[in-house]
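Hi,

Here is the structure for you to look over. My notes follow below it.

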Amino acid sequence: MIRLQKYIAESGICSRRKAEEYISLGKVFVNGKKVTEFGVKINENDEVVVNGNNIKKQPKEYYVLYKPRGVISAVKDDKGRKTVVDLINTNNRIYPIGRLDYDTTGIILLTNDGEFANLMMHPKNKIQKKYIAKLDKIIDKESINKIKQGVIIDNVKCIPDNIKLKKIDKLSNTCIVEITIHDGKNHEIKKIFESIGFNVEKLKRESIDFLTLENLKPGESRKLSIKEIKKLYSNKK
Ligand code: URA
């Protein structure tokens, strides 16, 4: 069962607010009866007519995208910058699951399935996201241990699932660190390193759970298979 205004919005014909307007104007019929109140719950078998048109729910879509640098993780941007949705060829109203910063590259999922988006983002489901970060200085064992024990980000203790020093470049005095987390606060990785005095110069998300960027180039995407979607759904606690 789903609220009528949500059902209309998910069909892709208008926003939820516009759907509420149509309902209050008496332009929505469910199984032939006019509905003018919000919150009426309907199911897949109900016939919904808006402005004389029988609407169908959008088919669910699931994409994995290799986000390039300089693209915003949103549906629309006020400043007219390119968004991750612009990189996907679909007529359905998909949106990114969580976000990567404008200058971060890597794997991001997009969908129009709200339940799936919630399950992928909720920390209780412990979905691991692995990042590769280039730091502005060479990190020592002590600093790595500090992060392992947990640092405070936005008043909450954050303990990564894993952190490993991958490479040191003595010439440029920088290093590459791999770090895996399962929650998703804004700018979390940058804040983790900032909290112990390091700046992240480059950041890439390499994987989300078992999904990687295999066979994708920056800007490229592919649909998830049913098997992959089911496997991700099985993370639900
Ligand atoms: N953490 C960050 O700091 N930036 C991202 O884009 C993702 C995680």
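How far apart are the centres of domain 1 and domain 2? The answer is 28 Å, taken over C-alpha atoms. The chain has domain 1 (2-55), domain 2 (62-124 + 213-233) and domain 3 (128-208). These bounds come from an automatic or database domain assignment.

Some ground rules. This is a predicted model: local features need pLDDT of at least 70, side-chain atom pairs count only at pLDDT 80 or more, and totals for chains, interfaces and linings use all residues. Residues are numbered from 1 along each chain as its sequence is written, and side-chain values use heavy atoms, with hydrogens and water left out.

Now the ligand. Its surroundings are Leu100, Asp101, Thr104, Tyr131, His187, Glu188, Ile189, Lys190 and Leu203. Each has a heavy atom within 4 Å of the ligand.

- The side chain of Thr104 has an N or O atom 2.9 Å from a ligand oxygen.
- Glu188 places a backbone N or O atom 3.4 Å from a ligand nitrogen.
- Ile189 has a polar backbone atom 3.1 Å from a ligand nitrogen.

Last, two helices (DSSP runs of H or I, at least four residues, numbered from the N terminus). H3 is residues 114-121 and H6 is residues 226-233. Their axes, lines fitted to C-alpha atoms over the stretch in contact, come within 10 Å and cross at roughly 55 degrees. Angles run from 0 to 180 degrees between N-to-C directions. H3 and H6 are therefore oblique, a class left after under 35 (roughly parallel), over 145 (roughly antiparallel) and 65 to 115 degrees (roughly perpendicular). Glu115, Phe116, Leu119 and Met120 of H3 meet Ile229, Leu232 and Tyr233 of H6, with heavy atoms within 4.5 Å.

Best wishes

Key:
A polar contact is a pair of N or O atoms within 3.5 Å; within protein, one must be able to donate a hydrogen and the other to accept it, and residues adjacent in sequence count only if both atoms are side-chain atoms.
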